[in-house]
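Trainee: Could we go through this model together? I would like to begin with the metal site and then turn to the sheet.

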Amino acid sequence: MRKRVSGAAVAATGTWTDPDGVRMPAGEVHAWERGTNQTVCRLQLSRQGLTRFPHVTWADVQPATGRDADAVTSVCRRCAAGTGTRRDEKPWRRENPRP
Ligand SMILES: [Zn+2]
């Protein structure tokens, strides 16, 4: 059984800097728990070349609802499954579940 994660931050394959000079995730995003060096789907950050974004929450990069998802091209499904799709957790997305 997968450990539940709440308040996860983000690790991504790419980065960009917003007009305020804040680094933002781009490309594929994974959920990452601060203080660890692997993603929720158990990728090693350094080995995969993923960049950490401790100031960006997983909720913020969900394309449907997040405010920092502009440059996100894909969301890791395994991380999504490990973070917040259960009914008893905070819903990250609107009520239009995909098949
Ligand atoms: Zn992942």
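**Metal site and sheet**

Mentor: This is a predicted model. The four donor atoms around the zinc ion subtend angles of 103 to 121 degrees, so the arrangement is tetrahedral.

Trainee: What is the ideal angle for four tetrahedral donors?

Mentor: The ideal value is 109.5 degrees.

Trainee: Which protein atoms are the donors of the zinc ion?

Mentor: They are ND1 of H30 and the SG atoms of C41, C76 and C79. These donors lie 2.0 to 2.3 Å from the zinc ion.

Trainee: What spacing do the donors follow along the chain?

Mentor: The spacing is H-x10-C-x34-C-x2-C.

Trainee: And C76 and C79, are they buried or exposed?

Mentor: C76 has a relative accessible area of 7%, so C76 counts as buried, the cut-off being under 20%. C79 is buried as well, with a relative accessible area of 0%.

Trainee: Let us move to the sheet. What is the order of its strands?

Mentor: The order is β3-β1-β2-β4, in an open sheet of four strands with mixed pairing.

Trainee: Which strands stand at the edges, and why is one side of each left without a neighbour?

Mentor: The edge strands are β3 (51–57) and β4 (72–75). Each has a single partner strand, so one side of each has no neighbour in the sheet.

Trainee: By how many degrees are neighbouring strands turned against each other?

Mentor: The average is 30 degrees, with direction ignored.

Trainee: How do β1 and β2 pair, parallel or antiparallel?

Mentor: Strand β1 (residues 9–17) pairs with β2 in the antiparallel sense, over eight bridges. Within this pair, G14 stands opposite A26 in β2.

Trainee: How many residues of β2 are buried?

Mentor: Eight of its 10 residues are buried, and β2 is thus described as mostly covered.

Methods. Residues are numbered from 1 along each chain as its sequence is written. This is a predicted model: local features need pLDDT of at least 70, side-chain atom pairs count only at pLDDT 80 or more; totals for chains, interfaces and linings use all residues. Side-chain values use heavy atoms; hydrogens and water are left out. Two strands pair if DSSP finds at least two bridges between them. Helices (H or I, at least four residues) and strands (E, at least two) are DSSP runs, numbered from the N terminus. Axes are lines fitted to C-alpha atoms, for helices over the stretch in contact, and angles run from 0 to 180 degrees between N-to-C directions. Donors are N, O and S atoms within 2.8 Å of the metal (3.2 Å for Na, K and Ca); water is not among the atoms, so sites may look incomplete. Four donors count as tetrahedral if all angles lie between 85 and 135 degrees; four count as square planar and six as octahedral if opposite donors are over 155 degrees apart and all others between 65 and 115; anything else is irregular. Buried means under 20% relative accessible area, exposed over 50%, partly exposed in between (1.4 Å probe, protein chains only).
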